[in-house]
Amino acid sequence: MNIRRIHLQQTDSTNSYLRTLPPGVEDMTVVSTDYQTAGRGQGTNTWESEPGANLLMSVAVRPVTVPVREQFLLSMAGALAVGEALSTYTDGISLKWPNDIYWNDLKMSGTLIETSVAQGVLQRCIFGIGVDVNQTVFLSDAPNPVSLRMVTGREIPVGEVADRVVECLARRLGQVMRGEREEIVSLYHERLYRREGFHTYRDAEGCFSAAIRQVATDGHLQLCDTEGRLRSYAFKEVAFVL
């Protein structure tokens, strides 16, 4: 892939900055920053980060070969890539649906994905990636953050982590765009958080115990509860009870 890289000392949001750039000839555009003044998580969530301590990065690609109905494949590829990069530093990495990265039961990374569609074709996909690299004290009400430094006991260059994530992302997204999707789907399921056994979840009706059946290519999480009933959920319709 032909990759353009931009680094900013500070910006409101790397996703927002990337949206202002005109389309280029590059296959992938990467914008990173030392500090975000308005970093976002999913929905109304924010992403807490000490200046210079963590990886704050957005990546734009043009996935025109990916059918709109299968765009969750991009989310699968993104989660798989970030997970693979972090697995070079520690064991215990898994992918929590839809695209968070966990170390055991603690969250190390999250990704906010934005897509644009025109005339029925995916024109652009932006991955807003945050990885807790060197921060050791978290002041927000996030329930379970953890950083690479807390796990490994050493400070890790943020740029090194960024390079590994970009390398893995380019490889996995290239597979999706070439139509080589079976490996992405298989590895995503293989590395899912809570892939085996029954665990506690909560939906609009309350808590229940279920096992993961699969994640469909439209992004729905399919669970099978203890009564054998199949339950299907879109994002935010079900919560993992930790």
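Which strands does helix H2 (residues 72–87) lie across? Helix H2 lies across S4, S5 (100–103), S6 (106–118) and S7 (121–131), and runs at about 30° to S7.

## Ground rules

This is a predicted model: local features need pLDDT of at least 70, side-chain atom pairs count only at pLDDT 80 or more, and totals for chains, interfaces and linings use all residues. Residues are numbered from 1 along each chain as its sequence is written, and side-chain values use heavy atoms, with hydrogens and water left out.

Helices (H or I, at least four residues) and strands (E, at least two) are DSSP runs, numbered from the N terminus. Axes are lines fitted to C-alpha atoms, for helices over the stretch in contact; angles run from 0 to 180 degrees between N-to-C directions.

## The sheet

An open sheet holds 7 strands, in the order S1-S2-S3-S7-S6-S5-S4, with mixed pairing. Its edge strands are S1 (3–11) and S4 (93–96), each pairing on one side only. From one strand to the next, the twist averages 20°. Strands pair if DSSP finds at least two bridges between them.

S2 (residues 28–36) and S3 (residues 55–61) pair in the antiparallel sense over 6 bridges. Met28 stands opposite Val61 in S3.

## Helix H4

Helix H4 (residues 158–177) packs on the sheet. H4 touches S1, S2, S3 and S7 (contact means heavy atoms within 4.5 Å). The direction of H4 makes about 25° with that of S3.

H4 is mostly covered: 14 of its 20 residues are buried. Buried means under 20% relative accessible area, exposed over 50%, partly exposed in between (1.4 Å probe, protein chains only). Just after H4, Gly179 takes a positive phi of about 85°.
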